[in-house]
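The sequence and the model are shown first, and the account follows directly.

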Amino acid sequence: MLYTNVTSIKHFFILGFPGLSQVYYGPASVLLFLVFLAIAVGNIFILVFVKCERSLHQPSYLLFCHLALTDLAFGTVTLPKIISKYWFDDSIISFYGCFAQMYFVHFLGATHSFILMVMALDRFIAICAPLRYPALFTNTTVSVLCGISWFMPMSWMVGIVLDALSLPFCNSNIIVQCYCDHIAITVLGCESVREVQVVAFGLAMFSLLLPLGFIIFSYFVIIVAVVRMSNSDGHHIRALSTCTPQLLITCLYYMPRCFVYLANNVGFTFSVPVRIVVVMLYSLLPAAINPVIYCFKTKDIKENLKKRFFRRTINIGTNPG
């Protein structure tokens, strides 16, 4: 079939939040910049702090570093362009730049999901097989598993991007989103994009539901194992407390996504502006909040932070000049 209205698109326009009055462009850009600053500062701090503290060179904290890296990369890939739109009225993104952004958006999301599965495996072994944990779950094991978590989505996302690139595009070049994602790009194709979208959706569900299924199973087994522990020595309380950061991080990532997918399947639809706001919230807020969870809900990080703070306070007190 020939498409007489196919245009050679050289760039796309990022629409951002539809219906937002120009009066609010300034506050919107400031808010987005503050979110970006929180993501950058918080996650870089975690990476540097764990690197500098030799006592934190353990599997659990290595996992936190991988999560921090995905959060930092996601914020860096998505936020500068939308901040530029509202700060400098610059909505243009190049054709291939948009596809590159789409690649990293979905690649980083899938990687984050698989690393959460590795984190659930860490807690599963630590609580259900504590005596074998030091031998089974070493830093090398974590590095290999996280390497696989990075490599798998990296490979299949190339195919998804090439599939989308093969589509002919019509007159519209407006991305109805704050960043380029697969649906926002493929709906602009001239022909039926169902096959391309079905393949991408299938891989997205695989990268979301497989880790989620394992996480639910592992924490179910963990709860059963903890319930069976003796209450006299308080082991069950300590065991559950070690899972708190991982559970909070996992819930922040999965619950909003599952809510949106379930809402769509039962016929509850969001308006376009509301949907975009919801997507931005569940995409970016966890990346900004996770470093706070690492610091205040993880005993070793919290104690090392206290030691460094008190050491600095004592040094300042003893050297007033």
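## Cysteines and the disulfide

Cys-98 and Cys-180 are both buried, a term that stands for under 20% relative accessible area, with exposed meaning over 50% and partly exposed the range in between (1.4 Å probe, protein chains only). The two residues form a disulfide, with 1.9 Å between their sulfur atoms; the criterion for a disulfide is a pair of cysteine sulfur atoms within 2.5 Å. The link of Cys-98 and Cys-180 is left-handed, with -110° about the S-S bond. Cys-98 belongs to helix α3 and Cys-180 to the loop between β3 (174-175) and α6, so the pair ties together parts that are 82 residues apart in sequence. In general, a disulfide is a covalent bond between the sulfur atoms of two cysteines. One disulfide is found in a search of the whole structure.

Cys-258 is in no disulfide, and the nearest cysteine sulfur, which belongs to Cys-251, is 10.0 Å away. Cys-258 counts as partly exposed because its relative accessibility is 22%. Cys-295, by contrast, is buried, at a relative accessible area of 9%.

## Basis of the model

The model is predicted: local features need pLDDT of at least 70 and side-chain atom pairs count only at pLDDT 80 or more, whereas totals for chains, interfaces and linings use all residues. Residues are numbered from 1 along each chain as its sequence is written, and side-chain values use heavy atoms, with hydrogens and water left out.

## Overall architecture

The chain contains ten helices and three strands. Helices (H or I, at least four residues) and strands (E, at least two) are DSSP runs, numbered from the N terminus. Read from the N terminus, the order of elements is β-α-α-β-α-α-α-β-α-α-α-α-α.

Of the 321 residues, 44% count as buried. Contact denotes heavy atoms within 4.5 Å. Among the contacts between residues at least 6 apart in sequence, 81% join residues at least 24 apart. The accessible surface of the chain is about 17,000 Å², and carbon and sulfur atoms account for 70% of it; accessible areas come from the Shrake-Rupley method with a 1.4 Å probe, and for residues only the protein chains shown count as cover.

The expected span is 1.5 Å times one less than the number of residues in the helix. The buried residues of α5 include Val-142, Cys-146, Ser-149, Trp-150 and Pro-153. Among the elements that cover the buried residues of α5 are α2 (59-88), α3 (95-128), α6 (182-186) and α7 (194-227).

Helix α7 has 34 residues and reaches 48 Å from its first C-alpha to its last, close to the 50 Å expected. Its buried residues include Val-196, Ala-200, Ser-207, Pro-211, Ile-215 and Tyr-219. An α-helix has 3.6 residues a turn, so residues three or four places apart point the same way.

## Nonpolar surface patch

Val-30, Phe-33, Leu-34, Leu-37, Val-41, Trp-87 and Phe-88 make a nonpolar surface patch of about 680 Å². Patches consist of residues with over 30% relative accessible area and no salt bridge, like charges being joined within 9 Å and nonpolar side chains (Val, Leu, Ile, Met, Phe, Trp, Tyr) within 5 Å. A salt bridge here is a side-chain nitrogen of Lys or Arg within 4 Å of a carboxyl oxygen of Asp or Glu.

The elements that give two or more residues to the nonpolar patch are α1 (25-52) and α2, and α1 gives the most, with five residues. Val-41 lies in helix α1 and counts as exposed, at 53% relative accessibility.

## Individual residues

Asp-89 lies in the loop between α2 and β2 (92-94). Although Asp-89 is not a glycine, it has a positive phi of about 55°. Most residues other than glycine have a negative phi. Asp-89 is exposed, with a relative accessible area of 53%.

His-106, in helix α3, is partly exposed at a relative accessible area of 28%. Leaving aside neighbours within four places in sequence, His-106 is in contact with Met-157, Asp-181 and His-182. The C-alpha atoms of His-106 and Met-154 are separated by 9.3 Å, the two residues being 48 residues apart along the chain. Glu-53 is found in the loop between α1 and α2 and is buried, with a relative accessible area of 10%. Not counting residues up to four places away in sequence, Glu-53 touches Asn-304 and Arg-308.
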